Amino acid sequence: MDLGECTKIHDLALRADYEIASKERDLFFELDAMDHLESFIAECDRRTELAKKRLAETQEEISAEVSAKAEKVHELNEEIGKLLAKAEQLGAEGNVDEAQKILMEMEKVKGRKREAEEEYRNSMPASSFQQQKLRVCEVCSAYLGLHDNDRRLADHFGGKLHLGFILIREKLEMLRRTVAEKQEKRNQDRLRRREERERDDRLGRRSKSKSRDRRRSRSKERRRRRSRSSSRDRRRSRSRSRDRHRRHRSRSGSRNRSHHRSSRDRGSKHK
C-alpha cells in the first residue's frame, strides 16, 4: 500500500516544542493523529476484505472441514514466520541464547505444521492439493501461500510492511485510549464548571432573595414603627383632648360655683 509522500512536517525541533507546550496546555492533537491513523487502517481493512472476496471467487471452493484444516496450516505458518523473524532480530542484537530458544520452539511448531499439512493433504484430491491456496494477512493485507517456505514467511512477518502495520495498529489503540481518557477528563471538567456556575447562580439568587427579604423586613419594620408612632400620636392626641376637656369642665365648674356664690352674696346684701 503506497500512499505517497507524507504531507505532514516531520521536524524534531517542532516535536520538542510541542512536547514542552503540551505540558502547559492540552492541545489535543492526539485526536487528529487518531483520525489520520483510523483512515489509514480503514483503507487497509477495506483492501483486505476485497482481497478475501477476490480469493473466494477465484479459488476452488472446498468444504468447511477442509477449509478449517487449511486455516490451521496457515496459522502454524504465521507462527513459524513470527518466531523466525524474532530469532533473527535477537541474533542481530547479540542475544544468541534467547535466539536459540526461539529456534527450538520454532522446530516444535514446524513439527505440528507437518502433521497439519498431512491431514490437509489426505482430506482432498492430489490435483487440488497442488494448487496454491492463498490467504490474506489480517495485519497488512498481503497475500500468504499455504505452501510458503520458512524463508518466505520470515521475510513477510519480519518485513517492514508487516511490522509497520503492527506498530500503526498498536499506536492507534494507544491513541484511542488516550483520547477516550482526555475526553472523559474534559467532560468531567465541563460538568464541574457547569455545576460551579449553577451553584454560583443559586448562591446569587439566594443572596438576592435574602436582600429582598431584608428590604421587605426593613420596610415592614418601618411600617410597624410608623404604625406604632401613629398609634402613640393618636393616643397622645386623645389624651390631650381628654385633658383639655377635663380642664375645660373644671374651669366651667369653677366659674359656675363662683357665679353662684356671687349671686348668693348679692341676695344677702339686698335683704
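Which residues are buried in helix H6 (residues 150-157)? Keep that in mind as we walk through this predicted model.

**Start with the whole chain.** Colour by secondary structure and you will find seven helices and two strands. Following the sequence, they come in the order α-α-α-α-α-β-β-α-α. Of the 271 residues, 23% are buried. The accessible surface is about 20500 Å², and carbon and sulfur atoms account for 49% of that surface. If you display contacts with a separation of 6 or more, 70% of them join residues 24 or more positions apart.

**Next, select Lys-113.** You will find Lys-113 in helix H4, which spans residues 96-122. Is Lys-113 buried or exposed? Its relative accessibility is 8%, so Lys-113 counts as buried.

**Now show what surrounds Lys-113.** Leaving aside residues up to four places away in sequence, Lys-113 touches Leu-76, Asn-77, Ile-80, Asp-148 and Asp-150. Zoom in on Asn-77: its side chain makes a polar contact with the side chain of Lys-113, at 2.7 Å.

**Follow Asp-150 into helix H6.** Asp-150, one of the residues that Lys-113 touches, also brings us back to the opening question. The buried residues of H6 are Asp-150, Leu-153, Ala-154, His-156 and Phe-157. They lie on the same side of H6 because they cover an arc of only 160 degrees around the axis.

**Finish at the N-terminal end of H6.** Select Asn-149 and Arg-151 together. Asn-149 caps this end of the helix, with a side-chain oxygen 3.2 Å from the backbone nitrogen of Arg-151.

Technical notes:
Residues are numbered from 1 along each chain as its sequence is written. This is a predicted model: local features need pLDDT of at least 70, side-chain atom pairs count only at pLDDT 80 or more; totals for chains, interfaces and linings use all residues. Side-chain values use heavy atoms; hydrogens and water are left out. Helices (H or I, at least four residues) and strands (E, at least two) are DSSP runs, numbered from the N terminus. Buried means under 20% relative accessible area, exposed over 50%, partly exposed in between (1.4 Å probe, protein chains only). Contact means heavy atoms within 4.5 Å. Accessible areas come from the Shrake-Rupley method with a 1.4 Å probe; for residues, only the protein chains shown count as cover. A polar contact is a pair of N or O atoms within 3.5 Å; within protein, one must be able to donate a hydrogen and the other to accept it, and residues adjacent in sequence count only if both atoms are side-chain atoms. The arc is that of the directions from the helix axis to the C-beta atoms.
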